[in-house]
Amino acid sequence: MGVLMSRRQTVERVQKVSLAVSAFKDGLREQPSTQRRAEAGTTRQGTLEQEVQEAEEEALAGPSQREESSASKAAWERLRDGRGVEPEEFERANRFTPPAFIRPKRELHDDEPPDISLEQREQILDDEMCEICEVWTAESLFPCRICHRVYHDGCLRRMGYLQKDSTLDMTETAHTETGWSCYYCDNLNLLLTEEEMYSLMETLRNCKIIPESCLTLDDFLHYKHQVHKQQFERTMPEAQEEQAVLQFNALDPDKKGHIEWQDFLSHESIQLLQKIRPQNALLQLLTPKERERARAAFLALDQDNDGFIGEGECRQARHTWFRKHQKEMLSCNVSISHVGPISEGSPASSRNGKSPEKILPATKQEETRNIDWPGFLRENVAYILAARPNSAALHLQPLA
């Protein structure tokens, strides 16, 4: 009986699709351009035929395969919409409805160099009311360290954005210089436009990456090799494979042997932004808070106040100020983003009680090449954006 019902549903779906195709063809006759009509008709009909074929395959499949297909489809939809993982144990009763994220669109002026002055400081003003409930309750509001939004912890829990340890992390860090990123800024994938997102999804599909799954080192290297071969039609060099291993280790700070899906997605999102958008377009994404932190970092490095720093100092900032803050540093209630790079002997330079991570000394060529404020921003903008998530993972490993 179940099979008969499935076949009947398939027939009904085919009939509906046929009606849709007929209506679509009727609409095409009213379009002025013959070439556009032919291209649109071919694309749309191919999409509809593919949908019918998928429906037939799903109807003929067993119950377990249909459930797996449905779960996979839901995961791809969450990926497309930027909603992230929605745990099954999360009870939606008496909860707020999460917002429908709207992906950004590229504007004509995005590729123009923005006017970010070094001398003129920016006034940082947070919202006065909670982004979710729009109620003002003074000190009980928690600000985002990236944008202007503020939140109640209870509102975030009711929306499902604070669970388990994330509530404690937020309440302990939001009012410190280290700060906490809201669910908008924490998700680097939301920086992608629809076109960029579909490009990333196509790459993930071609490389057989399953959404919302963890990746081991072998999975990560296999994916990187496939992407490189698709892009350059040749095997990835050994030096790039070594860099991929370093990136995997940076995405797995707790040494669990795998990287979480959200960390992998954030890494791939910032990588795609680097490949597709020019640096000026990336600079347009910086918020006033990020620009102010970068300004403070540059001024701390420019000891002689001549408006220039050495390339070695610029690289040092990339390895320290743009690195994620560790929980051990929270008791100091101070951010390295406001005091400049950490010295190697500083207690804050240790990671999880281990020996400090040494910064490679600058070469003579690096010491002689000076970098001004605009150059400093251009060379570090990707690392500034990559530092947005609350995760301890380093989503963009600086090159040695």
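These legends describe close-up views of a predicted model.

Local features need pLDDT of at least 70 and side-chain atom pairs count only at pLDDT 80 or more, while totals for chains, interfaces and linings use all residues. Residues are numbered from 1 along each chain as its sequence is written, and side-chain values use heavy atoms, with hydrogens and water left out.

View 1. Helices (H or I, at least four residues) and strands (E, at least two) are DSSP runs, numbered from the N terminus. Of the 400 residues in the protein chain, 39% are buried. Buried means under 20% relative accessible area, exposed over 50%, and partly exposed in between (1.4 Å probe, protein chains only). A contact is a pair of heavy atoms within 4.5 Å. Among contacts between residues at least 6 apart in sequence, 72% join residues at least 24 apart.

**View 2. The largest nonpolar core, with 49 residues.** A nonpolar core is a set of buried Ala, Val, Leu, Ile, Met, Phe, Trp, Tyr and Cys residues joined through side-chain atoms within 4.5 Å. Leu79, Leu204, Ile209, Phe264, Trp373 and Phe376 have the most contacts inside this core. Helix α15 gives the most to the core, with nine residues. Domain 2 (192-261) and domain 3 (277-323 + 369-399) each supply at least three residues. These domain bounds come from an automatic or database domain assignment. A second, separate core has 16 residues, including Leu156, Ala174, Tyr183 and Leu190.

**View 3. Tryptophan 373 and phenylalanine 376 in helix α15.** Rings of Phe, Tyr and Trp (its six-membered ring) pair if their centres lie within 6.5 Å; planes under 30 degrees apart count as stacked, over 60 as edge-to-face and the rest as tilted. By this rule there are 13 aromatic pairs. The pair of tryptophan 373 and phenylalanine 376 is stacked, at 6.2 Å centre to centre and 20° between the planes. The two residues are separated by about one helical turn because they are three residues apart in α15. Tryptophan 373 counts as buried, at 5% relative accessibility. Phenylalanine 376 is buried too, at 0%. Beyond its neighbours within four places in sequence, tryptophan 373 contacts Ile116, Ser117, Leu118, Arg291, Ala294, Arg295, Phe298 and Gly307.

**View 4. An aromatic cluster, and arginines over rings.** Ring pairs link Phe101, Tyr151, Tyr161, Trp180, Tyr183 and Tyr184 into a cluster. Arginine 149 lies over the face of tyrosine 184, 4.1 Å from the ring centre. Arginine 205 lies over the face of tryptophan 76, at 4.0 Å from the ring centre. A charge sits over a ring if NZ of Lys or CZ of Arg is within 6 Å of the ring centre and within 35 degrees of the ring normal.

**View 5. Cysteines without disulfides.** The whole structure has zero disulfides (a disulfide is a pair of cysteine sulfur atoms within 2.5 Å). For cysteine 130, the nearest cysteine sulfur is that of cysteine 133, 3.8 Å away. For cysteine 155, the nearest is again that of cysteine 133, at 3.7 Å. Cysteine 130 is buried at 2% relative accessibility, and cysteine 155 is buried at 9%.

**View 6. Arginine 388, a buried residue.** Arginine 388 is in the segment after α15 (373-386). This arginine counts as buried because its relative accessibility is 5%. Its contacts, leaving aside neighbours within four places in sequence, are Arg145, Ile146, Ser181, Cys185, Leu188, Leu191, Leu285, Leu286, Thr287 and Glu290.
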